[in-house]
Amino acid sequence: MKRLLAIALCLICLALPVTVACATGDSSAPTGSIEITDQAGRVVTLDAIPQRIVSLAPSNTEILFALGLNDSIVGVTDWCDYPPEALEKDSIGDFYPPNIEAIVAMEPDLVVAANIHKDEYVPQMESLGLKVIVLDPKTVDEVIDAIAIAGEATGTEDAASQLAEDMQARIDDVQSLVSGLSEEEIPRVFYVIWHDPLMTVGNDTLQDEVIQLAGGQNIFDDLSGYPVVDLETILDRDPQVIIVGSGHDVEQDATFQWVQNEARLRDTEAAREGMIFKIDADLVDRPGPRIVDGIEEMLELIHPELAGESQ
Amino acid sequence: METTALSHIAYNLLSYRRKRYYSIIGLLVLLGVVIGAACSIGSADISLSDVWRLLLSRLPGVDIDNGIPGTLSTIVLDIRLPRIILAGLVGAALSTAGATYQGLFRNPLADPYLIGVAQGAALGAVIGFIFHFSGPVGLGSVPLLAFCGGLLSAVVLYGLARVGKTLPMTTVILAGVAMGAFLAAVTSFLLINSGENLHGILIWLMGGFSTSNWNEVYVLLPYVLLSLVPIYLYGRPLNLIQMDEEQAQQLGVNVEKVKLIMLLSATLITAAAVSFAGSIGFVGIIIPHAVRLIWGPDYRFLLPLSTVVGAIFLILADTIARTVMGAAEVPVGVITAFFGAPFFLYLLRQKKRVVF
């Protein structure tokens, strides 16, 4: 009997730390905590809805503002230029490498990082006690996913699902316009990033997807990334539309000027038909909510006849 | 006895020299063949006969109606040909400049970028990217400011390194390396603040010919030709300087004048080449050594041989760069090192007895 009691006591003792641990585990998860799986596959637990958010990328900033988080955003990067309110926020400096000291000084309760920060800077920030989620949309669908994740993390699920629905509806509208195109009606599109050297976009880029969604075909969709290409290949593939990704600063216009003035490009169908345009590069290379504007604008440029129908 | 021995030596010398003359002629023929072959290769599928009909139709005095569509003509005559000629000029310039620097500094590690000219040009190029404007003769601000940067750094270097009326070569190297480091620091600083165009500038600095046109050829050509003349003319004094500057002086060579003119000429072609092609590594250091291994160290031959071999080498490298990955281009500097370095090591093994 005594022995039995001893064994029972021992068992109770053994079980005690486990139950205590369970109890503390439960207590550390108050009802307001949020568990999120971000786009780097990391699981992040937030104790409460973040009130001080720092964005480490222009696309993240655009997403956060689109979710109506103007009051919670305390820090952005030097490159965050949209919406205009972003320019009034304090800056943590460059997008890459991020200034960790400046980020910590802002005492954020959520840092929204990009994929480029994942390996080196996210662990560093976590070791300093910061909560970090990574948004890394590479396709239009993933932009919508990123918006949902950002919504969950910031308690703005409703705004996020509304935004995602609107975006999807606008994309569907464009799709219904271009879905009826026959193969010959899909123009060959040459997208120019830079003229010296001549850089374009490959098949794994957001620009390529935007061109496809707008009913065009990127003439360099057999390449990947942002390749440098030869003028000869461009003439050989004879683009029907040339789109120059243009920024707001002066030197980006240099590329558009070069494309318009380059005598050797006059042999392309695009030049003969007057189909050389520029597009705001931020609309088609930033994986944020404005990507839909990019798709619609691309449609207007490469299928003016269809864009007219929708209005 | 003695006279026969002497005449034997003289005969050998003559035949050796004649061999090298033949080599130069042979290499010039090879250069022509390489240009023709490079014109025939590209991502666009153009038949050999069309390419040659196009090329021949442009020769003066030949009047054949080639009947070939305009696009093909643009590709061969306005895209491939200027690119090939420009690559040849840049290869010739860098290789000759490298040989000249190696001789002047009596240092086998000298290359056209050693004394800060390329760094000056790179700084100019980056400024040209940031403050964009259109220059004369259809040139952009990038090559124009790159050229100014290269020349300016050479002038400053000359002022810094001059001691009285002499120009000690060790001082030139040290001042050049220090100035190059300073200019590179300024360039890096501007680069990290250049925002969206960082990628474009970086690729430009790596060097390449992806958009070369005839205007660039017309601008570069006179600089290269004008600088080659004095360099070739001073091949003999450069041989004497190899032994000892004082001895050369005693033998009647105006050492300071030779050094100054050769340094300026080599700098001028380096600056011009870098302005249109970025910093293409390897050509300027290895081609002169390869030439030295094959044809010997006599600068009267080493300099012109380096010119032709440099041109052939860079044309071949650029042809590989624009074709090897299909539609995408490989930076030509990658090709020059990847194929050039093993070939040079092979030469080095073959001629182990030659000591630099």
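**Entry 1: chain B overall.** I worked from a predicted model. I began with the secondary structure of chain B and counted 14 helices and zero strands. Read from the N terminus, the elements run α-α-α-α-α-α-α-α-α-α-α-α-α-α. I then looked up burial: of the 356 residues in chain B, 47% are buried. For contacts with a separation of 6 or more, I noted that 75% in chain B join residues 24 or more positions apart.

**Entry 2: B:His289.** I picked one residue of chain B to look at by itself. B:His289 sits in helix H12 of chain B, which covers residues 283-295. Is B:His289 buried or exposed? I found 20 other C-beta atoms within 10 Å of B:His289, and the cut-off for buried is 20 or more, so B:His289 is buried. Leaving out residues up to four places away in sequence, I listed what B:His289 touches: B:Pro108 and B:Phe344. I also checked B:His289 against B:Leu145. The two are 144 residues apart in sequence, and their C-alpha atoms are 31 Å apart in space.

**Entry 3: chain A against chain B.** I next went to the contact between the chains. Chain A puts in 25 residues and chain B 26 residues. Which elements of chain A give two or more residues to the side that touches chain B? I noted strand S9 (194-195), strand S10 (198-199), helix H8 (231-237) and helix H9 (250-261) of chain A. H8(A) gives the most to this side, with five residues. By class, I sorted the residues on the side of chain A that touches chain B into 13 nonpolar, four polar and eight charged.

**Entry 4: the domains of chain A.** I took the division of chain A as domain 1 (34-163) and domain 2 (181-310). Their centres, taken over C-alpha atoms, are 30 Å apart. How many residues does each domain of chain A bring to the contact? Domain 1 of chain A brings 12 residues and domain 2 of chain A brings nine residues. On the side of domain 1 that touches domain 2, the elements of chain A giving two or more residues are helix H2 (58-66) and helix H5 (140-154). I recorded H2(A) as the largest share of that side, at five residues. The classes on that side of domain 1 of chain A are nine nonpolar, two polar and one charged.

Notes: Residues numbered from 1 in each chain as written. Chains lettered and ligands numbered in written order. Predicted model: local features only at pLDDT ≥ 70, side-chain atom pairs only at ≥ 80, totals over all residues. Helix = DSSP H or I, 4+ residues; strand = E, 2+ residues; numbered from the N terminus. Buried ≥ 20, exposed ≤ 12 C-beta atoms within 10 Å, placed from the backbone. Contact = placed C-beta atoms within 7 Å. Nonpolar A, V, L, I, M, F, W, Y, C, P; charged D, E, K, R; others polar. Domains from an automatic or database assignment.
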